[in-house]
Amino acid sequence: MGNPSSRLHCLIKRCPNFYRKSHFLLGLAKDEKPIFNTAFCDQMVSPFSQTKQFSVGANDTFIDPIPVVATTRSPLDSSPTIDAGSSIRKPISLWPGMYHSPVTNALWEARSSIFERFSDAPVDPTAQNDLITKTPSKSRTSVLYKFSSDYVLREQYRNPWNEIRMGKLLEDLDALAGTISFKHCSSNDGTTRPLILVTASVDKMLLKKPIRVDTDLKIEGAVTWVGRSSMEIQLEVMQSSPEASSTSESLALTANFTFVARDSKTGKSAPINQISPETETEKLLWEEAEERNKMRKVKRGERKKKIQGEEVNRLNELLAESRIFCDMPALADRDSILIKDTCLQNSLICQPQQRNIHGRIFGGFLMRRAFELAYATAYAFAGSAPCFVEVDHVDFLKPVDVGNFLRLKSCVLYTELENLSKPLINVEVVAHVMRPELRSSEVSNNFYFTFTVHQDSLKNGARVRNVVPGTEEEARRVIERMDAENSCS
């Protein structure tokens, strides 16, 4: 049969139409020669006795073009940028599965050489007792999306309105944060027991400017703060534009992820490598993260206190309108709506394709599903396609495992209508892990997103309605979120 790569080269040489089609499919320039991965061609061609065909000319029929992809460099070198479209997309035994995000594929490929070191470790490795100190630069990792030239990659991130799919970007940010945490916590020799690293929470993500899907995009991050068994990772989304004259003007979004470490054998919290900031910027980021960590502890203590005094009055004020809806619906404000009337929900069984190396479901996958449900909720509520503003907060309360029955419930928790030209829609999504055989349901995640609407959709008297709680429990959730927002602003 001969070498499949040679056969394909001969086919292209004989058929100019096929050569032009291969350039279109691969996103190559006219004078750029396609590079064929011979090993990948062997895998794709040899197992099949029959091949699908397509027509090029009136009487000519040819075999489908073989996918062509590149490879990435070693993940141990933190300076090279990972190409978002560079995943070789072939199975590696240490990967958790063929995942759907191209960036996650590329990141798993970058991590694979680290994982391979663990395959040579002792059968029963010991925990890492001798911790080391690393600088933020050791964990710094970046991913480049070549949207301007990679048509296939661009299509995977384009939404129906020719804008970026924010849910997929959130998914990639979590995957990048996971890679960064893994690089920081890994030992130098790979002989100690690997840690279980999980997303604990995500602080506010603020969209500083619209993100285009036709312009190259870069996400980058590093560990900025470390406690005993937790760490904070700051991520930045950068996108240059002709009008951007500085790096700060290219900054599109920032996010802070908190990861915690668990011993893979005992399940208890495990100490992790410490961090030594070098530059003034790194020292400033460490101080800011330390302050946020203190604030989180204070807030956890405040949540345990009972609502009393002034907050009781706030509850009654919020519930006053809902009592009219319940007792005298004909007299209720037509510009208001109860929270329960804004709800949407969906359910899914968590599949193995969405798992990480520990068998748990990726936090980024959960964020993407929650964002897309929140987007649909805001769309149905506002009557027009919403505009993403920010991720207010994400709590990862319990892990989600493969095979879990996950139910996502969303609602518009409250609206902010002080600025009628830019009303804000605050959407809450709660994820429940349900076990019908045990008749149990537990909250695994809380997500909070903020959207607005285009000004064009508010013409001809259209407006966003006020949302009011119908129960005391709903009113308490509204007050809690409003207070959290005010404390962050």
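First, the ground rules. This is a predicted model, where local features need pLDDT of at least 70 and side-chain atom pairs count only at pLDDT 80 or more, while totals for chains, interfaces and linings use all residues. Residues are numbered from 1 along each chain as its sequence is written, and side-chain values use heavy atoms, with hydrogens and water left out.

Now the overall picture. The protein has twelve helices and 18 strands. Of its 489 residues, 45% count as buried. Buried means under 20% relative accessible area, exposed means over 50%, and partly exposed is in between, with a 1.4 Å probe and protein chains only.

How much accessible surface does the protein have? About 25,400 Å², and 51% of that belongs to carbon and sulfur atoms. Those areas come from the Shrake-Rupley method with a 1.4 Å probe; for residues, only the protein chains shown count as cover.

Then contacts, meaning heavy atoms within 4.5 Å. Take the contacts with a separation of 6 or more: 73% of them are between residues 24 or more positions apart.

On to the strands. Look at β10, residues 251-263. Eleven of its 13 residues are buried, so the rest of the structure largely encloses this strand. Which strands pair with β10? Strand β9, residues 230-238, pairs with β10 in the antiparallel sense over nine bridges. Within that pair, Met231 has Phe259 as its bridge partner. Strand β6, residues 195-202, is also antiparallel to β10, over seven bridges. There, Ile196 stands opposite Arg262. Strand β7, residues 205-207, runs antiparallel to β10 too, joined by two bridges. Leu206 stands opposite Thr254 in that case.

Next, β5, residues 141-145. Four of its five residues are buried, so β5 is also largely enclosed by the rest of the structure. Parallel or antiparallel? With β3, residues 82-83, β5 runs parallel, over two bridges. Ile82 has Val143 in β5 as its bridge partner. With β8, β5 pairs in the antiparallel sense over five bridges. Tyr145 stands opposite Leu217 in β8.

Staying around there, go to Lys209. Lys209 sits in the loop between β7 and β8 (217-226). Is this lysine buried or exposed? Lys209 counts as buried because its relative accessible area is 18%. What does the side chain reach? The backbone oxygen of Gln239, at 2.7 Å. That is a polar contact: a pair of N or O atoms within 3.5 Å, where, within protein, one must be able to donate a hydrogen and the other to accept it, and residues adjacent in sequence count only if both atoms are side-chain atoms. Beyond four places in sequence, Lys209 touches Gln239, Ser241, Glu249, Ser250, Leu251 and Ala252.

Asn159 is in the loop between α6 (151-156) and α7 (166-185). Asn159 is buried, at 11% relative accessible area. The Asn159 side chain reaches two backbone nitrogens: Trp161 at 2.9 Å and Glu163 at 2.8 Å. Outside four places in sequence, Asn159 touches Ile164 and Arg165.

Now Leu348, in strand β13, residues 344-349. Leu348 is buried, at 11% relative accessibility. Leu408 is 60 residues away in sequence, yet the C-alpha to C-alpha distance is 8.5 Å. Leu408 is one of the contacts of Leu348 beyond four places in sequence, which also include Phe365, Arg369 and Phe405.

Last stop, the surface. Ile324, Met328 and Leu331 form a nonpolar patch, with about 280 Å² of accessible area together. A patch is made of residues with over 30% relative accessible area and no salt bridge; like charges are joined within 9 Å, and nonpolar side chains (Val, Leu, Ile, Met, Phe, Trp, Tyr) within 5 Å. A salt bridge is a side-chain nitrogen of Lys or Arg within 4 Å of a carboxyl oxygen of Asp or Glu. Met328 lies in the loop between α10 (310-327) and β12 (336-338). Met328 is partly exposed, at 42% relative accessibility.

That's my tour.

Key. Two strands pair if DSSP finds at least two bridges between them.
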